[in-house]
Every structure is written in structure tokens, then in C-alpha cells.
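Have the model open while you read.

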Amino acid sequence: MSALLQAKRDAAESRLAGLRLPEGGSAWAKAAREDALSRLRLSGLPGRRDEYWKYTDPTTLVTADAPGAAVFDGSDESPVFDGIDWVELVFVDGVFDADASDDPALAGVEIERLSTAMQADIHWARDLYGVLEARGQVPVERPLATLNTACATDGVVIRATGKAAKPVNLIYLHQDDASDAILHHVIKVESGAELTVLEKGPAAARFNKVMEVDVADGGTFHHVRTQGRDHERRAVTHVFARLGTESVFKSFTLTANGVLTRNEVVIELTGDDAVAHVAGAALGDGDFHHDDTVFITHDAERCESRQVFKKVLRNGATGVFQGKILVKPGAQKTDGYQISQSLLLDDDSQFLAKPELEIYADDVVCSHGSTSGAIDEEGLYYLRSRGIPEGPATDLLTLAFLAEAIDEIEDEALAEDIRGRLESWLSRRRG
Amino acid sequence: MLEIKNLHVKLEEEEKVILKGLDLTVEAGKVHAIMGPNGSGKSTLSYVLSGRDGYEVTDGSAELDGEDLLELEPEERAAAGLFLAFQYPVEIPGVGNMTFLRTALNAQRKARGEEEISAADFLKLIRAKAKDLQIDAEMLKRPVNVGFSGGEKKRNEILQMAMLEPKMCILDETDSGLDVDAMKLVAQGVNALRDAGRSFLVITHYQRLLDHIKPDVVHIMADGRIVKTGGPELALEVEQNGYADILAEVA
Ligand SMILES: Nc1ncnc2c1ncn2[C@@H]1O[C@H](COP(=O)(O)OP(=O)(O)O)[C@@H](O)[C@H]1O
Ligand SMILES: [Mg+2]
């Protein structure tokens with residue numbers, strides 16, 4: 001065994017030693033955890049020299065002790081998605097808070113706390129928990145997700161059998177400077193059903209979250225999240241999605257601040273004519289490090305995938321994008337699009353991008369592009385010559401830069417909330 | 001209104017001098033035209049007046065109603081009433097034309113200590129002005145100048161001018177790239193704005209625009225200076241004989 005692998009396995013053991021592994025539960029839950037545990041013991045946890053972590057140092061996501069993060073007071077702005085009617089499920093530092101949550105009654109939707117579901121024989125949860133995560137380990141290992149499957153005690157399982165009347169909103173509160181949270185959600189959108197899941201908040205000082213989403217034939221899943229403005233928070237999140245025939249999956253993430261964020265999205269298009277859109281807008285300042293890592297596999301005909309990621313970076317902030325489109329043999333008429341762009345507001349900031357296409361079918365259209373640039377001086381002068389001062393003119397151009405990502409949000413009210421929030425953040429940070 | 005004295009301008013990055021002692025006075029309510037060969041510095045003059053980066057004023061002055069323009073930021077010049085219709089209007093992807101205009105109008109109002117225009121009043125105003133320039137609702141919604149034809153860009157400049165109601169309007173080759181109908185439309189837009197309190201500086205190569213926007217005074221510019229000033233007949237002379245005779249005469 002190589003020294004590198006040994007180091008990764010040692011890291012896994014030391015991380016596991018610092019965790020209390022869940023006990024009990026039904027046979028399937030135990031089996032899923034044990035399977036994950038043995039996979040984790042083989043793969044180990046990522047280190048700095050991992051190719052997949054070339055641009056992002058995983059050390060603080062891996063260590064047994066989580067670096068703390070001061071709780072941020074966000075009361076100076078209106079609550080995210082204010083005015084939108086939802087069913088809310090509240091987690092405080094990674095623990096479900098039933099008292100703060102709504103009664104999870106929503107027509108056409110079953111909602112259960114993960115710990116409860118794991119005691120029972122809920123066949124659809126059993127068929128997904130750790131299953132999509134395990135499938136997502138090939139061809140690239142994602143051991144932090146495996147760790148999550150092995151150790152998660154909380155989270156939510158949601159099954160939509162019809163058109164959900166309102167979104168389910170997962171609210172992640174951060175109250176303890178030293179919290180280290182693991183959450184695991186399982187979502188099943190049955191054939192023809194429609195569900196929107198919102199997520200908001202920092203969740204904890206350090207947060208490891210996995211969301212497995214299975215969208216059956218003709219199902220629709222929308223996901224919009226904002227990750228919280230706590231400056232010192234760290235997060236590694238994974239979305240594993242499998243899409244059936246003619247299903248739709250759309251996910252958007254807004255990130256501002258956070259010393260370290262790695263958002264991985266792994267999507268498998270397994271049914272013909274499925275659509276997957278993943279988008280993100282990130283605003284980074286100073287020691288902010290934000291990594292979007294996306295892997296989309298086309299394994300059916302006539303599917304469409306879009307990746308639109310935009311980052312605005314200043315004062316030495318770092319943005320990372322690793323995005324891959326894999327088109328398997330036979331996935332003809334694939335339409336794949338990927339764009340990752342950064343707007344660098346100064347010379348200290350950097351954007352590292354690794355766009356990849358791997359195509360084994362001959363009749364496909366795939367395009368990808370990645371750019372890094374400063375504010376357009378000509379545009380700025382034009383706006384100023386019309387009377388718009390430099391600050392607001394820069395904001396206008398910044399919002400314009402982010403627009404393509406935000407436009408990916410289908411629900412206009414949610415998109416407007418994000419736009420308004422960005423606008424006020426930008427104008428406020430000008431002081 | 002506009003008073004330029006002995007203006008010397010060089011490029012900031014290079015030792016290239018472009019304006020070499022330019023004098024020009026435009027009185028309130030008047031239309032002045034500037035004609036001159038390519039490269040004589042006409043666009044540079046308009047950029048320096050509106051505050052574009054990259055130029056260095058080494059001597060001379062430019063005042064708008066007694067206020068030193070050269071001291072002001074571009075947005076302050078705009079708020080003071082200066083407007084430049086660009087020779088090459090800039091495309092701004094992602095910023096809607098309407099949002100842009102409303103932001104600009106309100107920024108100017110704010111700078112002048114006036115109240116912001118309400119959304120409803122703004123809509124009413126822009127619809128009326130756009131109609132005159134045959135700019136449809138679709139064009140108002142599109143990102144600023146993106147995908148606009150040459151003619152559409154120029155009409156959009158005039159729309160901005162009509163909305164912002166500046167007192168000193170500089171038009172840099174607004175007629176270039178326009179067919180006759182579009183030029184008439186633009187000229188009508190300009191003429192509708194003519195007013196005792198508003199002045200125009202119309203930069204053009206062609207007499208034909210001046211058939212529609214009648215100038216009070218015509219200047220010939222060459223090698224960074226105004227070399228000859230006269231009435232509208234000067235434009236006709238250029239049209240017939242080109243610049244050669246005039247340049248020879250003043251040389
Ligand atoms: N930013 C610039 N960089 C290099 N040369 C410039 C720049 N701006 C103007 N010039 C030069 O200055 C001269 C005058 O240009 P311009 O003002 O555009 O003239 P006009 O509008 O009369 O055709 C030309 O020789 C042009 O090439
Ligand atoms: Mg010119």
C-alpha cells in the first residue's frame with residue numbers, strides 16, 4: 001500500500017475515532033452504515049495531494065476536531081425567501097428541532113425524520129439511503145460523503161407522490177461556535193410528482209451534508225439554497241441525483257462568505273429526455289474559498305444538462321470550479337452545456353477552473369467555457385457617462401455578470417429574493 | 001454654455017498629443033457642428049469632455065456654465081447636464097435597457113437633490129419617447145445595446161438623451177451607419193429637444209445630417225485644433241470640395 005493511501009486511511013480512522021457511531025435501527029439502516037464504513041476504511045479521507053482536491057485543501061474538513069466558527073448575526077437583513085409559503089423543518093447545529101419546525105403535513109408529500117425512518121422499514125428510503133452516494137463514488141471517490149452515510153444520525157426523508165402545494169424549507173441554524181454537524185437527506189420524487197426543496201443557513205461551524213435525490217420518470221425536482229453568511233463556517237456538501245425518463249432536476253446555490261465551501265453535485269441521467277440544470281452564484285471576499293465540483297453523467301438519449309457557475313471575488317478570495325460532463329456510449333443527442341466564470345474585482349483574487357468533457361457517443365452537442373475577467377472598463381465608463389456613480393455602476397455590472405446563473409431559478413419569486421439580496425449586499429459592502 | 005480654451009490633450013500611456021490648443025465656445029440654445037478629417041481628434045474631444053480614462057489634459061480648460069468640467073467625475077459631468085451620444089455605443093450584457101435608464105435618471109436626479117421618478121411616471125415617459133424614435137417595447141427590455149443594429153444603437157443614444165434632458169448634448173457621428181429614414185428619425189429626435197436653454201455640438205462627416213439639424217455655427221477641425229469657423233455654408237463647401245482647400249488655405 002502506498003504511503004499516500006495509508007495516510008488517507010489513518011485520517012479516516014482518526015476522524016472515526018472522534019465520532020460516536022450510530023447504533024441500532026432497522027436491519028437495512030445498519031447494513032447501509034456498515035457498508036459505508038467499510039468503504040470509507042478502504043478509501044480513507046482525502047488529503048492535500050489528492051488530484052480531486054488539487055485546488056481545495058480538505059484538511060479542515062477532514063480533521064477529527066472541527067475548527068470553530070463564530071456565529072454570524074444576520075438580523076440586519078430580511079429572512080431569506082421571506083414571504084414565500086413553505087413547510088419548514090429546522091435544524092439547529094445539525095439537530096432536528098421539532099418544536100421550531102412546522103407539522104410536516106403536506107398533501108402529496110411524506111416527510112419523516114431520518115432517525116425515525118431508520119427504525120422502520122420504509123422501502124423507498126431503504127432503496128436510496130447510501131445507494132446513490134455509493135453509485136456516485138465511481139469513477140471518482142467522494143469519501144466525505146461516504147463518511148456522512150456511515151455516521152449520519154439526523155436528516156430528513158421526503159417522498160413526493162403528487163404535486164407538492166408548497167416547498168419544503170430546510171432551515172439550518174448555527175448557534176454553537178464549535179458545532180460539527182452531519183446531515184443526510186433522502187428525497188424520492190415519484191413518477192409525475194413535483195417537489196421544491198429550499199435550504200438556507202450555515203448549519204454549523206463545520207457542516208457535512210449529503211442529499212440523495214431520486215427523480216422517477218416524469219418527476220420534477222427544484223432545489224434552491226443559500227448557504228449563510230457566517231465568515232468562518234466550513235461546509236462540504238454533496239448532492240447525488242438520479243434522473244428517470246423525462247424528469248427534471250434544477251438546482252441553484254447562492255453562497256456568500258464562508259471560509260471554506262465545497263459543493264459537489266453528482267448527477268446521473270439514466271432515462272431518456274431528462275433535464276438537469278445546476279447553477280451557482282458565489283460572492284467571496286478575503287479568505288473566502290469556494291469550490292463547485294460537478295459531475296454529470298449522460299447515460300440515456302436526448303438528455304439536456306446545463307452547468308452555470310459564476311463567482312465574484314475580491315480581496316484575495318479564491319474560487320474553484322471542477323465540472324465534468326461524461327457522455328456514455330449510446331447517449332446520443334446529448335445536449336450538454338457548461339459555463340464557469342469569475343469576475344475578479346482585484347488582482348489578489350483567483351479563479352481556478354477545470355472544465356472537462358469526456359464523450360463516448362458520436363451524435364452529441366457539448367460546449368463548455370470558462371473565463372476570468374475584471375469589470376468591463378468600457379461598460380463602466382458608459383454607465384458613468386449617463387450619471388450612474390462608479391459604485392452603483394460596478395454593482396449593476398456585477399449583478400449583470402451573475403444574472404445568467406440566477407436566471408436558472410425557475411420560480412420568479414425565489415429568483416427575485418436572490419436578486420434583491422445580492423443587490424443589497426453589494427450596495428452595503430460599498431458602505 | 002460650453003467654453004473650451006487652449007485645450008491640450010495627450011494619451012496617458014503614450015507620448016501622443018491629440019488636441020493641440022483647441023478653442024471652442026458654444027452659446028446657450030445654439031447648435032454647433034464640428035467637421036474634420038478622420039483622426040483630427042473629434043472623438044477624443046468628446047471623450048475628454050465626458051471624462052473617459054486614458055487621456056491627460058496638459059493645458060487649457062473646459063467649462064460648462066462656468067463649472068470646471070475637467071475636475072469632475074464622469075457621473076458628475078452627466079449630472080451637471082453634459083451628454084455624449086457615443087460614436088460607438090457600448091454593449092452591456094445582462095443590464096436591461098429600462099433598468100439602465102431608470103437608474104441613470106434617478107442617479108442624476110439624486111445628484112441634483114431632486115426627487116426620484118416613480119416607476120409609473122418613468123414608464124409613461126419612456127413609452128412616449130420611445131414611440132417617437134420608433135423603439136419598440138422589446139428593444140427597451142433587451143440588454144443595453146446587445147444585439148442592436150447600428151441604427152438601433154444610435155436611436156437608443158437619442159432616447160437616452162431625450163430621457164435625461166441634458167443641457168449640453170454632444171453627438172459624435174450619430175449619423176454614421178444610418179440610412180436616410182433612420183437619420184431623419186434621429187434628426188427629429190434632436191430637433192424636438194432644441195430649446196433656448198440647451199446646446200448641441202454635432203460632430204459629423206456629412207452635410208446631409210446638417211440638412212436636418214440646422215447648425216448655427218460650423219467649425220472645421222484638423223490636427224487637434226479648430227482651424228476655421230463659419231456659418232452653415234462652410235458645411236456645404238466641405239461637401240463640395242472636401243477638406244483639402246480649407247486645409248490649404250489655413251496652412
Ligand atoms: N486611446 C487611443 N489610443 C491610441 N490612439 C488614439 C487613442 N485615441 C485616439 N487616438 C488617436 O488620436 C487621433 C485622433 O483620434 P480621434 O479623436 O478618434 O479622431 P476623429 O474622431 O476625429 O476621427 C487618431 O490618430 C487616433 O488614432
Ligand atoms: Mg471619431
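**Labels and the numbers behind them**

The crossing of H4(B) and H6(B) is right-handed. This is a predicted model, where local features need pLDDT of at least 70, side-chain atom pairs count only at pLDDT 80 or more, and totals for chains, interfaces and linings use all residues. Residues are numbered from 1 along each chain as its sequence is written, chains are lettered from A and ligands numbered from 1 in the order in which they are written, and side-chain values use heavy atoms, with hydrogens and water left out.

Q: What does right-handed mean for the crossing of H4(B) and H6(B)?
A: A crossing is right-handed if the near helix is turned clockwise from the far one by less than a right angle, and left-handed if anticlockwise. The pair H4(B) and H6(B) gets the right-handed label.

Q: Why is H4(B) called oblique to H6(B)?
A: Helix H4 (residues 119-132) of chain B and helix H6 (residues 150-164) of chain B pack at about 135 degrees, their axes 10 Å apart. Angles under 35 degrees count as roughly parallel, over 145 as roughly antiparallel, 65 to 115 as roughly perpendicular and the rest as oblique. So H4(B) is oblique to H6(B). (Axes are lines fitted to C-alpha atoms, for helices over the stretch in contact, and angles run from 0 to 180 degrees between N-to-C directions.)

Q: Which residues of H4(B) and H6(B) meet?
A: On the H4(B) side they are B:Phe122, B:Leu125, B:Ile126, B:Lys129 and B:Ala130, and on the H6(B) side B:Leu159, B:Ala162 and B:Met163. Contact means heavy atoms within 4.5 Å. By class, this contact has 7 nonpolar, no polar and 1 charged residues. (Ala, Val, Leu, Ile, Met, Phe, Trp, Tyr, Cys and Pro count as nonpolar, Asp, Glu, Lys and Arg as charged, and the others, Gly among them, as polar.)

Q: What makes H1(A) oblique to H2(A)?
A: The axes of helix H1 (residues 3-17) of chain A and helix H2 (residues 27-43) of chain A cross at roughly 140 degrees and come within 7 Å. That angle makes H1(A) oblique to H2(A). Their contact has 6 nonpolar, 1 polar and 4 charged residues.

Q: Why is A:Gln307 called buried?
A: Buried means under 20% relative accessible area, exposed over 50%, and partly exposed in between (1.4 Å probe, protein chains only). A:Gln307 has 0%, so the label is buried. A:Gln307 lies in strand E15 (residues 304-314) of chain A, and its contacts include A:Val278, A:Phe321 and A:Tyr337.

Q: How do you know whether A:Asp395 is buried or exposed?
A: A:Asp395 has 10% relative accessibility, so A:Asp395 counts as buried. A:Asp395 is found in helix H9 (residues 390-406) of chain A.

Q: What makes A:His368 partly exposed?
A: The value for A:His368 is 38%, so the label is partly exposed. A:His368 touches A:Gln338, A:Pro355, A:Glu356 and A:Leu357, leaving out residues up to four places away in sequence.

Technical notes: Helices (H or I, at least four residues) and strands (E, at least two) are DSSP runs, numbered from the N terminus.
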